[in-house]
Amino acid sequence: MPAGPSGTSHRRPCEGDGPVPPVWRRPVSAPLSLSSVPKCGARGSQRGLPGTLRVSRGRRPCARPRRARDLASPGTDRQTRSRPRQSPCPPQPPESARPDCMTEGLPAPSAGLAGISGLTMDPECSQLLPALCAVLADPRQPVADDTCLEKLLDWFKTVTEAGSSLLLLQENPCLVELLCHMLKPQDLSSRVLSFSLRLTGVLAAQEDCFQYLQQGELLPKLFGEAGPLGGAAWTSPAVRSGWIQGLRSLAQHPSALHFLAHCGAVDTIFSLQEDSSLFVASAAGQLLVHILGLSMQGPAGAPPSLQAGDWPACAQKIVGHIEESLRATATPQITQALNVLTTTFGHCHDPWTQVLWVQLSPLVAGLLEKDPIPAAHSLVDLLLSVARSPGLSSSSCGLWETLAQTLSHLSPTQAGPLALGILKLQDCPQALRAQAFAVLLQPLACVLKAMAQDPGPSGVPDGTVGDSMTAGTPLPSKAACVGLLCRSLAHLELLLPLPQRPCPWPQALLLGAAVTLLQLCGGSARPACDMGRHLCTLLLGCVRVQRAALDFLGALSDGTGKAEGPASPARLLRWGRRPLRVLSGAGLGLGWPVRSVPCFPWIDALLCWGGPWRGRLGASSMSVSGPRELVTQVFAVLLEYLRSPDSSPTVLKKAFQATFRWLLSSPKTPGCWDLDPHALLFLRDLLPVLQKRLCSPCWEVRDSSLEFLTQMTRHWGGQAGFRHALLASEVPKLTEQLLRDPESYVRASAVTAMGQLSSQGLCVPPAGPEHQGGQQKSLLVELLHILSTDSEGFPRRAVMQVFTQWLRDSHADVAGDTEQFVAGVLQVASQDLDWEVRAQGLELALVFLEQTLGQPRSHCPHAVTPPVEAPVGPLAQALQPLCRVRLFDFAFRALFDCDRPVAQKSCDLLLFLRAKTASSSGLQESQSSPNVASVEAALQRWQAGDQAQPLGDLEPEVVLAVLRSLDLEGLRGALAESSDHVEKSPQSLLQDMLATVGVLGENEADCY
Amino acid sequence: MKLYCLSGHPTLPCNVLKFKSTTIMLDCGLDMTSTLNFLPLPLVQSPRLSNLPGWSLKDGNAFLDKELKECSGHVFVDSVPEFCLPETELIDLSTVDVILISNYHCMMALPYITEHTGFSGTVYATEPTVQIGRLLMEELVNFIERVPKAQSASLWKNKDIQRLLPSPLKDAVEVSTWRRCYTMQEVNSALSKIQLVGYSQKIELFGAVQVTPLSSGYALGSSNWIIQSHYEKVSYVSGSSLLTTHPQPMDQASLKNSDVLILTGLTQIPTANPDGMVGEFCSNLALTVRNGGNVLVPCYPSGVIYDLLECLYQYIDSAGLSNIPFYFISPVANSSLEFSQIFAEWLCHNKQTKVYLPEPPFPHAELIQTNKLKHYPSLHGDFSSDFRQPCVVFTGHPSLRFGDVVHFMELWGKSSLNTVIFTEPDFSYLEALAPYQPLAMKCIYCPIDTRLNFIQVSKLLKEVQPLHVVCPEQYIQPPPAQSHRMDLMIDCQPPAMSYRRAEVLALPFKRRYEKIEIMPEVSPAETAVCFQLADALVPMEIKPGISLATVSAVLHTKDNKHILQPPPRPAQPTGGKKRKRATEDIPDCKVLKPLLSGSIPVEQFVQTLEKHGFSDIKVEDTAKGHIVLLQEAETLIQIEEDSTHIICDNDEMLRVRLRDLVLKFLQKF
């Protein structure tokens, strides 16, 4: 990998980079005066941004991860750079390419308006536009990249939103010529045709421009039978899509409605709903919705009639079409109608939508009578859209009844999303919520029932519980069963944190179900009946269900939370300790009067019955053992998964996460934040498992084990019980060994874990024979070694984070000689190939700076705030340590870093420092000393890319002088812009498009 | 067709198939779990073992204390270990024509069969099976012979006494048939009867059946067998694997369309996933060694050890174990490691291609080169001088009853730093450890069994779709310890037939067809005759797709082959020797009656009868057809689907008349 000596091989300036940015606030000396850099044209100030920070190239290209900006249209970037800086005068389109009927039938543009044309379009772009239009109209010059056309259209939208479209057309007659050219029978590319249709729509969105185009009959020709609609080009989906989107843009005013009615577009849109291209079909539906909304707006703000019979003809036609589709037998037609309605109710909340729903709801309800129910997913979407619509009074239009009916008719798989949607609604009747919740719980209840020791709860009618999975035993296929369970778990998990979550929340039932599912998947469940055995066969080793159940189990550790129900293990245990009388009649000891909710008849029965927990969790044993046993079961199943050699790495990771969440929520000993005795017992079982996992041949397992260890140490590292258990195990020693793991991710996690262990004083000095004789290395040395030698970025980044944290926490290894530590780390970090390491180095520098200057860190490091307390000593004295650790050398170098985030961070740091020192007096800046000049000269060379020369020892006075001479605010502003802002200008876009087809021929050689 | 089941062990099968006059033995596995009832054979004198107290009956009777010793509540036989042989009484083993061997684990009883039963047939096996099988036998003989034990206990085998013993001795089966290990001489003699075969090679057995070995993917040279005649196909699946380990992948396609599929040798630990177990093995190994402990891996000298060494080759560097020595101690260690590298054609594709690079197929060659893996024939000699700890030792025998492993158990058992990791699934690790109790060293059970599990079997059966499946009884119900696991059994339609030790199974299999050739080999002089015979065949379509032809020929049956020869020429009027010879050679053929086909429409038949003057005709319907009663003539015509009978009293004229009327309705050819 090419790396310059001492990391100074920053990028060289190269042609096309743009001018050097005006970094300096004032010219301190002649060579530094960069303000005379010529600017380019009117937008020169924009173009004069730091090209040096635009794209990292030249230096160590492989060392950095790709970032989004590096991925942005490389072709465009290359072409842009190969252009000369001055805008070329665009060639006029060749005569042969000019359409001969360009402006036929259109009124002549008004010359009087030309004076304000500058408001609508940049003159440079206006200059380029005719050439571009000529290119687009020329079938011999195909546009290779249709993203350019999209960008162009976006730009036109911006321009027309800012000003008059009519003026734009008048100012740029080439646009009209382009549109007219589309009408000629020729072999035009479908992309260009589509673009033109969409452009026409964008322009005609303004009524005056619409009228203007109408006068020339351009619109009927483009969108009517005479245009692409009747031609061969119509076979291209792009053209059909362009036609629809053009009309979608165009339909903004009553005139457009007349036009649509006149040219029979609505019928075409109806037919396009069934288009073979899904995009076209979807867009056609959206357009119908839009036209319906537009036609119902009525003339000049008059509210539409609430009698459907009085609605405008266009609206009636669309509604009639929807009705007809809803009555159809073909599912695709019904789906289209439902989708149109869903969009309508989702976007429009006017009173007329209620009339529409009242009119159509019988038809929608009629769909439920069919078997199977057609387009069930779309139906669910529609009903939820209607229910969420604030324009509808749900109670008066029978929506709740329809929803209840739908819930009972749909299959469990289809009903799940509807049930979730209903439960998320704010003002839904309790009975419907209960029904919806029952649907979500059904699959889990079925699992519990299948695992029951006896045939079933006496109070649970067979037709209710478990219908979802037992219907027509044997059970459905494995795929269906797994899908249903995963969805059910996911829905319930989504519901868990919501305030409108059902109350009562059957925490124990859900815990029992999650544990049972995990036991089924792991093979440890012992079903007593055939159904359970069959379920066991279906779910055994199913990773999908394992993952979903572990996620859900983890989420359940937060429990029902706040006020209403028992939630966390702590709560469950507290409930367990309640006197029996409190729990009597409370089902599984959930602590709420289940029987008082009449809407849960079967859940009520199930809760009383207790599923597989019956007997163990029965009321008689509730006082202590019930909930405790449930929590014990949770930990047992988690331990089973952590132990099992068959747990896949992803399952294991989720098991670790769930374990951590449950440990977090385990009850605390009063007055102490340590783990409770039961959790400590669990920990004693867990640590041997963790030990083994740290030795796993699978790196993912080692990695997630280390992450888990880090989390645990972070939370309980200070607690005696945890410390004792951890130190008695081999875990710290194994973690230390993983610093040398062959897998970089594992090394990085080991670094973080060791950092955490060390912070908590949990690092054990190596006791192996190889470490005897006082030769052991301290962790600090080991980490520094990793930082300077590791070939991968992740461990080095992790080391920097650990060091920063150590510095922040005044870790013992660091506090001894902080300056030496910081100096060493910054020296290594400055030479690192990874920009994130360098950025983290700046973070460390900032911490050191704050500590040195004695200021508490503010959230906004560069905010100019008056110092709350004065520095400990004189400023020079305060700055001395910074100079000694060569912090400025590092920061200045980073200021010109080819990676923008590093430069930004450095800029922020220096601004912060300047703000700190601004109010301090007593330090004379040596503005004209030779030292300052040499430093500035060196910095100028650095900026130019030559970072070979070090700055040498800096004095605080010199630093301050240099600091004030830098235009850091300007640089920060420049850096805040994205690196490709120059390329994103419309002018650049037009140039790129022209360059692609070779009209701008002068740079042809550069393209190769 | 019958199947004689001589072994009760599902993974060490020994069955005899009688099929088309051949007697084929399928495998001859040796059940060595019987050795778990015996005390270990220590290489060096073990004071602990030799001082174990003798066992006495509850009433204090100590007459067995010389034969039985007590250790931590278990009773062991203090004698040379003995093995449980396959059943020898169920069938006369001298009548066995051939023995087909599936893999080297399933041939360990071979010397007992070939040397002591009057067996005079041939044994078929692949080359790696024979070579590695020889190594296993050699190791076994070596382990037992090098620790001579004078004492041979037999008193306890007395049925009346055995009843008084504690479990598991009390429940041991067929103890009277248990035998001591064979000798090397017997091994050599047995192996000399083996004929080597290659995959897909077709071997004719007496012209009656053809047997073909197919790759089974389990071990080097392991095979499944196809036993087929022209119209029947029996597949014998024993010890197969679908995992991508070192052997050639399993050939499933050739098993299709079997009439019977005999399924043995499935995984013994269906709940343990081999991948997970290898992970456990590595983790526990690293954990022990990092703590300064030693790892003992009781194993066979071939098989999974190759895969374990390969895994360790990849793992040891990542786990920082490069400096830890790995020792492989076995009398046949060297041969095993070297053999594995030369059987390139029997390896999986990846390993085969390495040979052409050229590179050794297994990476243990590199481990040996870099001195990370060292192998020794025994504890004595070089090993003692090279030995350093902590280390990892691979050695046999997995039963922990003989071999170098006994010494290491005695040596390392007292320290909790050390770990014994069981990877071979053949023996219960708890029973194996019983005579070493109390034991301080850690015990890890990571059974690695790559043979088919029940999910794979289910897929396999769906794929190959045999008409009938035959398997050991253990496979048709979940394991006793996991009775709820309905997935741990064979589930197929029709349900599998099961067998147990000493059971004879009549396979649901009817032979309906034989292949008959028309003069396959014809001398030039006889060509014309042959053509005559073939020309005489004039097929006539009876119904769409089915044609019939009559042929008149002489059927010759010899060596289970059936040949049609042209009929003799009509007898010449010339007398003398020539005619006599012709008569001797080929019997005279009478003029053949035509064959009839078709059915008789009763109504039309009755009309015809009336037309021919019969009156007073009565028709009765019967279960099989009709009876036409000519009351006046006192004659009965019984018309059934495949026969017509004319019953009349001695009126031959009438019968012939009626016959001719019946024949009018039938086709003749």
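This report describes a sheet in chain B, the contact between chain B and chain A, and one aspartate of chain A.

## Basis of the model

The model is predicted, so that local features need pLDDT of at least 70 and side-chain atom pairs count only at pLDDT 80 or more, while totals for chains, interfaces and linings use all residues. Residues are numbered from 1 along each chain as its sequence is written, chains are lettered from A and ligands numbered from 1 in the order in which they are written, and side-chain values use heavy atoms, with hydrogens and water left out.

## The sheet of chain B

Chain B holds an open sheet of seven strands in the order E10-E8-E7-E3-E2-E1-E24, with mixed pairing; strands (E, at least two residues) and helices (H or I, at least four) are DSSP runs numbered from the N terminus, and two strands pair if DSSP finds at least two bridges between them. Strand E10 (194-197) and strand E24 (503-506) of chain B stand at the edges and have a single partner strand each, so one side of each is left without a neighbour in the sheet. Neighbouring strands are turned by 25° against each other on average, direction ignored.

Strand E1 (residues 2-5) and strand E2 (residues 15-19) of chain B run antiparallel and are joined by four bridges, with B:Leu3 standing opposite B:Leu17 in E2(B). Helix H3 (residues 127-145) of chain B lies across strand E8 (122-126) and E10 of chain B, running at about 100° to E8(B); such angles run from 0 to 180 degrees between the N-to-C directions of lines fitted to C-alpha atoms, for helices over the stretch in contact.

## Where chain B meets chain A

The contact (heavy atoms within 4.5 Å) takes 21 residues from chain B and 22 residues from chain A. Chain B and chain A bury about 1900 Å² between them, 56% of it on carbon and sulfur atoms, where buried area is the accessible area (1.4 Å probe) lost on putting two parts together, summed over both. On the side of chain B, B:Leu287, B:Arg290 and B:His484 lose the most area to chain A, together 35% of what that side buries.

One salt bridge is counted between chain B and chain A, a term for a side-chain nitrogen of Lys or Arg within 4 Å of a carboxyl oxygen of Asp or Glu. A:Lys692 forms a salt bridge with B:Glu280, the closest N and O atoms being 2.8 Å apart. Helix H6 (274-290) and helix H7 (304-318) of chain B each supply at least two residues of the side that touches chain A, and H6(B) gives the most, with 10 residues.

## A buried aspartate in chain A

A:Asp832 is placed in the loop between helix H40 (818-830) and helix H41 (835-853) of chain A. At 5% relative accessibility, A:Asp832 counts as buried, a class defined as under 20% relative accessible area, with exposed over 50% and partly exposed in between (1.4 Å probe, protein chains only). The side chain of A:Asp832 makes a polar contact with the side chain of A:Arg796 (2.7 Å); a polar contact is a pair of N or O atoms within 3.5 Å, of which, within protein, one must be able to donate a hydrogen and the other to accept it, and residues adjacent in sequence count only if both atoms are side-chain atoms.
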